[in-house]
Amino acid sequence: MNRTTLSQEKRKIAKEKIFNAAREMFAKKGFLKATISEIAEQAKVSKGLIHWYYKNKDELIKEVALSVIPHKEMMNVLQKDFRTVKDLFYEICNTYIDFYTEVKNRKLFLYVLTLKEKEPEIEQEHKILAESVMKAGAQKLISLNCNIDSKRAEVVFRTLYSSLFFYVQNKELMNIPENEYVDMLIEILLKGINCS
């Protein structure tokens, strides 16, 4: 390995340490209460090194906030081949719920919801990511020969996604086990579009 590659690898590792420490501190204290000093201490790096990678705390908040939106995971699911809509729905549900089963992702996501008005840039990026998933999801439904038009496909996919969002937000209040919730949700949606 040459010096340039080694140096790039060290920079990548340092940035990862900072990012992971920021996730830890933001999950523990919230985006607004956690300080750069605490993040530096958690990462065992200097505050100056953090500012080398992130111009300010807002940049770090934005990167962490966007990492707790399962856009990449959903897009990966939508790239797969499915025999039935039911298989697609189960994969979407399981992937979404698994993503938020990680306590840190869930806590940070709930903090993101409180940030939206204070950080319009994060809100805008979140909307762009969510819209790309909605459009891709609707297209995937249509591609599975379900005899559904694009508007209806989009409504169905948005209903699935928002129902999962609701479940993740209110998991402690729900009297329905996760697998039962998913089964009922998928059954209702499949009946609504008369598809399997």
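**Exercise 1. Which residues does Glu154 touch, not counting residues up to four places away in sequence?**

Solution. Glu154 touches Lys135 and Ala138 once residues up to four places away in sequence are left out. Contact here means heavy atoms within 4.5 Å. Helices are DSSP runs of H or I with at least four residues, strands are runs of E with at least two, and both are numbered from the N terminus. Last, look at its side chain. A polar contact of 2.8 Å links the side chains of Glu154 and Arg158. Such a contact is a pair of N or O atoms within 3.5 Å; within protein, one must be able to donate a hydrogen and the other to accept it, and residues adjacent in sequence count only if both atoms are side-chain atoms.

Ground rules: this is a predicted model, where local features need pLDDT of at least 70, side-chain atom pairs count only at pLDDT 80 or more, and totals for chains, interfaces and linings use all residues. Residues are numbered from 1 along each chain as its sequence is written, and side-chain values use heavy atoms, with hydrogens and water left out.

**Exercise 2. Describe the chain as a whole: its secondary structure, span and burial.**

Solution. Start with the elements. The chain has ten helices and zero strands. In sequence order the pattern reads α-α-α-α-α-α-α-α-α-α. Then take the extent: the C-alpha trace spans about 60 × 45 × 30 Å along its principal axes. Now burial. Of the 196 residues, 43% count as buried. Buried means under 20% relative accessible area, exposed over 50%, and partly exposed in between, with a 1.4 Å probe and protein chains only. Finish with contact range: among contacts between residues at least 6 apart in sequence, 69% join residues at least 24 apart.

**Exercise 3. Where is Lys44, and is it buried or exposed?**

Solution. Lys44 lies in the loop between α2 (36-43) and α3 (47-53). Its relative accessible area is 70%, so Lys44 is exposed. Check the backbone too. Phi of Lys44 is near 60°, a positive value in a residue other than glycine. For context, most residues other than glycine have a negative phi, and most peptide bonds are trans.

**Exercise 4. Which residues form the aromatic cluster, and how many aromatic pairs are there?**

Solution. First the rule. Rings of Phe, Tyr and Trp (its six-membered ring) pair if their centres lie within 6.5 Å; planes under 30 degrees apart count as stacked, over 60 as edge-to-face and the rest as tilted. Apply it: the count is nine aromatic pairs. Tyr96, Phe99, Tyr100, Phe109, Phe157, Tyr161 and Phe165 make up one cluster.

**Exercise 5. Characterise the largest pocket and the largest cavity.**

Solution. A cavity is a set of points where a 1.4 Å probe fits but cannot get out; a pocket is an open set with protein on both sides within 12 Å along at least five of seven lines; lining residues have an atom within 4 Å of a point. Grid points are joined across faces, edges and corners, and a volume is the space filled by probe spheres set on the points.

Pocket: the largest one has a volume of about 210 Å³. It has 14 lining residues, and the closest to its centre are His126, Ala130, Met134, Tyr161 and Phe165. Helices α6 (85-101), α8 (120-143) and α9 each supply at least two lining residues. The largest share, five residues, comes from α8. By class the lining has nine nonpolar, two polar and three charged residues. Nonpolar covers Ala, Val, Leu, Ile, Met, Phe, Trp, Tyr, Cys and Pro; charged covers Asp, Glu, Lys and Arg; the others, Gly among them, are polar.

Cavity: there is one of 30 Å³ or more. The largest cavity has a volume of about 30 Å³. Its lining is Ile97, Tyr100, Thr101, Arg106, Val168 and Lys171. Helix α6 gives the largest share, three residues. The classes are three nonpolar, one polar and two charged.

**Exercise 6. What separates the C-alpha atoms of Lys28 and Leu108?**

Solution. Lys28 lies in helix α1, residues 3-29. Lys28 counts as exposed because its relative accessibility is 54%. Lys28 and Leu108 are 80 residues apart along the chain, and their C-alpha atoms are separated by 8.9 Å.

Notes:
1 Å grid on protein atoms, 1.4 Å probe; cavity = no way out; pocket = protein on both sides within 12 Å on 5 of 7 lines; lining within 4 Å.
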